[in-house]
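Take the sequence and the model together.

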Amino acid sequence: MPKLVQRMFPKRVWAFSDKNNTVYLTFDDGPIPEVTPWVLSLLKEHNAKATFFCIGENITKHPDIFERIISEGHSFGNHTFHHLNGWKTETLDYLKDCELFEEAISKVDPKMMKSPLFRPPYGRLNSKQSRQIQNKGYKIIMWDVLSYDYNSNVSEEKCLQNVLKAIQPGSIVVFHDSLKAANNMKYALPKLLKFIENKGWKCEAI
């Protein structure tokens, strides 16, 4: 992500301190049975923790997978209920959809704490939506490394190199536990985890 864009939106989180040799893997758009359990098993194999920005509708459909995310020590964030594009959605409707996500969480477990993390689908929301989301107590989590795993024009190796050439301690990396991204992500993620291990870095949840 260009530094200029990051400077334009300083209240959004783009990366973290590089002092602790820690990187932050994130996965958008799940949970779904075809992909998310595979990701969870691989992360467990490498003793890695991650953050899952879930779609509320998918949580409603697959609460058992969502509960596995939590039980295995990962964190989660609000990715709206219907994966809305903020640039194409009225602010009131956008906020209502974020609240629907919170309701979906409470139906899985009424005692579950609300996540303080929010990531806008497509990375798109306007300034009014951003202010309102932050006023609700959310931290807007963006990224500094995007794999482009969802892009059918990006090869498996290119997806991997997109991450390897940019990742550094403190990086927030975006993958997707979705059908569209599955092939590229399943190729790149195991190799990335080995790369991180060889560097002596840690993978932690936000």
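Helix α2 covers residues 36-45 and helix α4 residues 63-71. Helices here are DSSP runs of H or I with at least four residues, strands are runs of E with at least two, and both are numbered from the N terminus. The α2 and α4 axes are 10 Å apart and meet at an angle of about 15°. Axes are lines fitted to C-alpha atoms, for helices over the stretch in contact, and angles run from 0 to 180 degrees between N-to-C directions. α2 and α4 are therefore roughly parallel to each other. That label needs an angle under 35 degrees; over 145 is roughly antiparallel, 65 to 115 roughly perpendicular, and the rest oblique.

This is a predicted model, in which local features need pLDDT of at least 70, side-chain atom pairs count only at pLDDT 80 or more, and totals for chains, interfaces and linings use all residues. Residues are numbered from 1 along each chain as its sequence is written, and side-chain values use heavy atoms, with hydrogens and water left out.

Helix α5 (residues 91-108) packs with helix α6 (residues 127-135) at an angle of about 35°, their axes 10 Å apart. The crossing of α5 and α6 is right-handed. From α5, T91, Y94, L95 and C98 make the contact (heavy atoms within 4.5 Å). From α6 come K128, Q129, Q132 and I133. The residues of this α5 and α6 contact divide into 4 nonpolar, 3 polar and 1 charged. Nonpolar means Ala, Val, Leu, Ile, Met, Phe, Trp, Tyr, Cys and Pro; charged means Asp, Glu, Lys and Arg; the others, Gly among them, are polar.

K136 sits in the loop between α6 and β5 (139-140). K136 counts as partly exposed because its relative accessibility is 28%. Buried means under 20% relative accessible area, exposed over 50%, and partly exposed in between, with a 1.4 Å probe and protein chains only. Not counting residues up to four places away in sequence, K136 touches L95, E99, E102 and K114. K136 and D93 are 43 residues apart in sequence, and their C-alpha atoms are 15 Å apart.

Next, helix α7. N162 is found there. At 8% relative accessibility, N162 counts as buried. Leaving aside neighbours within four places in sequence, N162 contacts V145, L146, S147, Y148 and V154. Its C-alpha lies 9.3 Å from that of D149, 13 residues apart along the chain.

Last comes helix α8, with 18 residues (182-199). From first C-alpha to last it reaches 25 Å, close to the 26 Å expected at 1.5 Å a residue. That expected span is 1.5 Å times one less than the number of residues. Among the buried residues of α8 are A182, M185, L189 and I196. The buried residues of α8 pack against β1 (22-28), α2, α7 (156-164), β7 (172-176) and β8 (202-203). G200 follows α8, with a positive phi near 80°.

Methods. A crossing is left-handed if the near helix is turned anticlockwise from the far one by less than a right angle, and right-handed if clockwise.
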